[in-house]
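Here is a short briefing on one protein model. Please keep the sequence and the 3D view open while reading.

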Amino acid sequence: IVDDAFLRRIPFKIHIADPDETAFRKIFAGVADRMGIPNDQEAVDYLIDKFYRQQSRPFRNCQPRDILFLVDNFCKLHSKPSRLSIKAIDVAAENYFGDGDIHAG
């Protein structure tokens, strides 16, 4: 999203490696706990299978926070308790990754 000229103006750059699946799950669980969203392991398995494995997508450290933020807002929009449902994950991940149609109904 940034160009080379922009990057040249940043004097210090630190490489932060992408997490593996185990680390991603730990980050996800920690963020879910801080947000008060129950960490449903089956829902996380679904997220990882559908939006990471099937898409050959690498894990990023910021994605648990971003996806859970979208899940939380989807639940609030529909006046439901914040939780990991297949529907909420689909809407959040499709919105976040821009992979397909978003069916929020």
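The notes below cover salt bridges, a helix pair and a surface patch.

This is a predicted model, in which local features need pLDDT of at least 70, side-chain atom pairs count only at pLDDT 80 or more, and totals for chains, interfaces and linings use all residues. Residues are numbered from 1 along each chain as its sequence is written, and side-chain values use heavy atoms, with hydrogens and water left out.

**Salt bridges around Glu21**

- The count comes to eight salt bridges, each being a side-chain nitrogen of Lys or Arg within 4 Å of a carboxyl oxygen of Asp or Glu.
- Glu21, Arg25, Asp45 and Arg53 are joined in a salt-bridge network.
- Arg25 pairs with Glu21 at 3.0 Å, N to O. Both sit in helix H2 (residues 21-35), four residues apart, about one turn of the helix. Helices here are DSSP runs (H or I, at least four residues), numbered from the N terminus.
- Arg53 also bridges to Glu21, with the closest N and O atoms 2.9 Å apart. This pair links distant parts of the chain: Arg53 is in helix H3 and Glu21 in helix H2, 32 residues apart.
- Glu21 counts as partly exposed because its relative accessibility is 25%. Arg53, at 46%, is partly exposed too. The classes are buried (under 20% relative accessible area), exposed (over 50%) and partly exposed in between, with a 1.4 Å probe and protein chains only.

- The side chains of Lys76 and Asp72 meet at 3.1 Å, N to O.
- Helix H4 (residues 63-77) holds both, four residues apart, about one turn of the helix.
- Lys76 is exposed at 53% relative accessibility, whereas Asp72 is buried at 11%.

**Helix pair H3 and H5**

- The axes of H3 (residues 41-53) and H5 (residues 86-97) come within 10 Å and cross at roughly 35 degrees. Axes are lines fitted to C-alpha atoms over the stretch in contact, with angles from 0 to 180 degrees between N-to-C directions.
- The crossing is right-handed, meaning the near helix is turned clockwise from the far one by less than a right angle.
- From H3, the contacting residues include Tyr46, Leu47 and Phe51; from H5, they include Ile89, Ala93 and Phe97. Contact means heavy atoms within 4.5 Å.

**Surface patch**

- Val2, Phe6 and Leu7 make a nonpolar surface patch with about 250 Å² of accessible area together. Patch residues have over 30% relative accessible area and no salt bridge; like charges are joined within 9 Å, and nonpolar side chains (Val, Leu, Ile, Met, Phe, Trp, Tyr) within 5 Å. Areas come from the Shrake-Rupley method with a 1.4 Å probe; for residues, only the protein chains shown count as cover.
- Phe6 lies in helix H1 (residues 4-8) and is partly exposed, at 41% relative accessible area.

Terms used: Helix = DSSP H or I, 4+ residues; strand = E, 2+ residues; numbered from the N terminus.
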